[in-house]
Amino acid sequence: MDKRVLAIFDSEEGYAYRLMEFISGKKNLPFEVYIFTDGNRFFSCAKIKEIECLLISENAYQQEVETLNIPHIIILSESGENLNKTLRHINKYQSCENILHEVMEYYTDQSEKVHTPLRTGLKKMQIIGVYTPIGRCLQTTFSLTLGQMLAKHYKTLYLNFEIYSGFARMMSRNFNSDIADLMYYFSCAREKLAYRMESMIETVNGLDFIPPAEIYQNLAGIRGAQWIDLFQEIEKSSEYEFMILDLSDGILDLWDVLRECNYIYTISREDGAALAKIEQYEKVLESMHYGDITARTTKCRLPIFKQLPVHFEELTYGELAAYIKSKVFPMLFGKETDG
């Protein structure tokens, strides 16, 4: 598939190259990125090369740009003044990640048809499901630590299905979209999934994630088969090698989703109440003909950690990370991997 051209035109050379390098590093985008810092070169190229999308800084903008028949023109706004109210404006002085989010959201919404990227030269995506019937047992901390450690070597996506995750506050971020939005867009236009995801993906210490549902009721009614369909489409249209599902009892058809996982981890504890819940959970699985889930599940009885990192970005250091390196990685890879 020939990639379409996304042009960046900004006389501020350092800024333009930083933005180009960030966007070019996203392998799953439909664009080949061109950069221009000189008006003459830009207009000469634009007359012989079809440009699909143009990001142009406010100081470089000229009305002549609108005569070039470029389908999507976005102004990188500096002063906040609307040079042409019919064009999309986004704030130039924000993170490259946020700029890409806005660009992909706009492009996906405006484009009637986009080329669906196909997975090439990669092994099958491995799905890791983490679930326990026990509360407050470090399941999410375990999942995030494992995800960040995998992300150092493999392209990894983390999805959280907690009813109340608290991610926005714990990460001191405001999320404009979440996994409920992803499922909605997938249901409406699956061929645009890869590009819609690029407008939603957040990153913590190298680990990609879609923000958990802010209002969990927005996931009500989504069946397990629909989630599995989504996971399969993500595999086909992305380069993710691992997907980590941080599961909860709130997801419908939880057992069907677990059955789809290549690896299943259940956090356990030694106290009587925890053991009783695990025992009941396994008995129910067996009685409902899901005993194969128990057979494929690895129980992790985490030791008592003296201290755990406070911030998500620090999870790959410390005792839990050492535990995962010594106990979990050998199960995944047959040997310890540098974490």
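Predicted model: local features only at pLDDT ≥ 70, side-chain atom pairs only at ≥ 80, totals over all residues.

Colleague: Which helix does Thr140 lie in?

Modeller: Helices (H or I, at least four residues) and strands (E, at least two) are DSSP runs, numbered from the N terminus. By that numbering, Thr140 belongs to helix H4.

Colleague: Leaving aside its neighbours within four places in sequence, which residues is Thr140 in contact with?

Modeller: Contact here means heavy atoms within 4.5 Å. With the neighbours within four places in sequence set aside, the list for Thr140 is Tyr158, Asn160, Glu162, Phe167 and Asp246.

Colleague: Which strands does helix H4 lie across?

Modeller: Helix H4 covers residues 139–151 and runs at about 170° to S10. For angles, axes are lines fitted to C-alpha atoms, for helices over the stretch in contact, and the values run from 0 to 180 degrees between N-to-C directions. The strands that H4 lies across are S6 (126–130), S7 (156–160), S8, S9 (207–210), S10 (242–246), S11 and S12.

Colleague: In what order do the 7 strands form an open sheet?

Modeller: Two strands pair if DSSP finds at least two bridges between them. The pairing in this open sheet is mixed, and the order is S8-S9-S7-S10-S6-S11-S12. Strands S8 (202–204) and S12 (297–301) each pair on one side only, as the edge strands. The twist averages 25° from one strand to the next, and the order, once again, is S8-S9-S7-S10-S6-S11-S12.

Colleague: How many bridges join strand S11 to S12?

Modeller: Take S11 as residues 263–268, running parallel to S12. Tyr265 stands opposite Thr298 in S12, and Ser268 is across from Arg301 in S12. The number of bridges joining S11 to S12 is 5.

Colleague: How many residues of S11 are buried?

Modeller: S11 also pairs with S6, in the parallel sense over 3 bridges, and Ile128 stands opposite Tyr263 in S11. Helix H12 (residues 319–333) packs on the sheet too, touching S6, S10, S11 and S12, with its direction at about 150° to that of S11. S11 is mostly covered, and the buried count is 5 of its 6 residues.

Colleague: What is the order of the open sheet of 5 strands?

Modeller: The edge strands there are S2 (31–36) and S5 (88–91), each pairing on one side only. Neighbouring strands are turned by 20° against each other on average, direction ignored. The pairing is parallel, and the order is S2-S1-S3-S4-S5.

Colleague: Which residue in S2 is the bridge partner of Ala7?

Modeller: Strand S1 (residues 4–9) and S2 pair in the parallel sense over 6 bridges. Helix H1 (residues 13–24) lies across S1, S2, S3 (53–57) and S4 (72–77), running at about 170° to S2. The partner of Ala7 in S2 is Tyr34.

Colleague: How are H1 and H3 turned to each other: roughly parallel or roughly perpendicular?

Modeller: Angles under 35 degrees count as roughly parallel, over 145 as roughly antiparallel, 65 to 115 as roughly perpendicular and the rest as oblique. H1 and H3 (residues 96–110) pack at about 65°, with their axes 10 Å apart. H1 and H3 are therefore roughly perpendicular.

Colleague: How do the residues of the contact of H6 with H8 divide?

Modeller: The axes of H6 (residues 179–188) and H8 (residues 224–237) come within 11 Å and cross at roughly 80°. In the contact, Ile179, Leu182, Met183 and Phe186 in H6 meet Gln226, Trp227, Asp229, Leu230 and Glu233 in H8. Ala, Val, Leu, Ile, Met, Phe, Trp, Tyr, Cys and Pro count as nonpolar, Asp, Glu, Lys and Arg as charged, and the others, Gly among them, as polar. The contact divides into 6 nonpolar, 1 polar and 2 charged.

Colleague: Last one: does Cys188 count as buried or exposed?

Modeller: Cys188 lies in helix H6. With 54% relative accessibility, Cys188 counts as exposed.

How values were computed
Residues numbered from 1 in each chain as written. Heavy atoms only, no water. Buried < 20%, exposed > 50% of the residue type's maximum accessible area, 1.4 Å probe, protein only.
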